[in-house]
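Here's a quick briefing to read with the structure open beside you. Let's pick one residue, look around it, and then zoom out.

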Amino acid sequence: MYSFLITLMIILSLLIIVAVMMQPSKQNSAASAFTGGADQLFGKQKARGFEAVMQRITTVLAIAWVVVAILLAYLPLA
């Protein structure tokens, strides 16, 4: 069981990295690099299309990663 969860954790970690790297950039210019894009941080922009799908996939993968991490933490105690 432990080796299965470790393998699942590694696969989820790699999938999270890929999902985050596939998300489109929100910076429009070189000036955004200096401001950090703070003007868009609190904006009321909804994600649409590919961006929305990637956000959902990233969220689901992150939740699954946390669940597996908690299972690994409590596995020796069970």
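Which residues does T58 touch, not counting residues up to four places away in sequence? The answer is A19, V20 and Q23. Keep in mind that this is a predicted model.

**Around T58**
- You'll find T58 in helix α4, which covers residues 50–74.
- T58 counts as buried because its relative accessibility is 15%, and the cut-off for buried is under 20%.
- One of the residues T58 touches is Q23, and the side chains of T58 and Q23 are joined by a polar contact of 2.8 Å.

**Helix α4**

**The protein chain**
- The protein chain has 4 helices and 0 strands, so to speak an α-α-α-α pattern when you read along the sequence.
- Of the 78 residues in the protein chain, 17% are buried.
- Take the contacts with a separation of 6 or more: 92% of them are between residues 24 or more positions apart.
- The accessible surface of the protein chain is about 6300 Å², and carbon and sulfur atoms account for 70% of that.

Key. Residues numbered from 1 in each chain as written. Predicted model: local features only at pLDDT ≥ 70, side-chain atom pairs only at ≥ 80, totals over all residues. Heavy atoms only, no water. Helix = DSSP H or I, 4+ residues; strand = E, 2+ residues; numbered from the N terminus. Buried < 20%, exposed > 50% of the residue type's maximum accessible area, 1.4 Å probe, protein only. Polar contact = N/O pair within 3.5 Å; in protein donor to acceptor, adjacent residues only side chain to side chain. Contact = heavy atoms within 4.5 Å. Areas by Shrake-Rupley, 256 points an atom, 1.4 Å probe, with all protein chains shown as cover.
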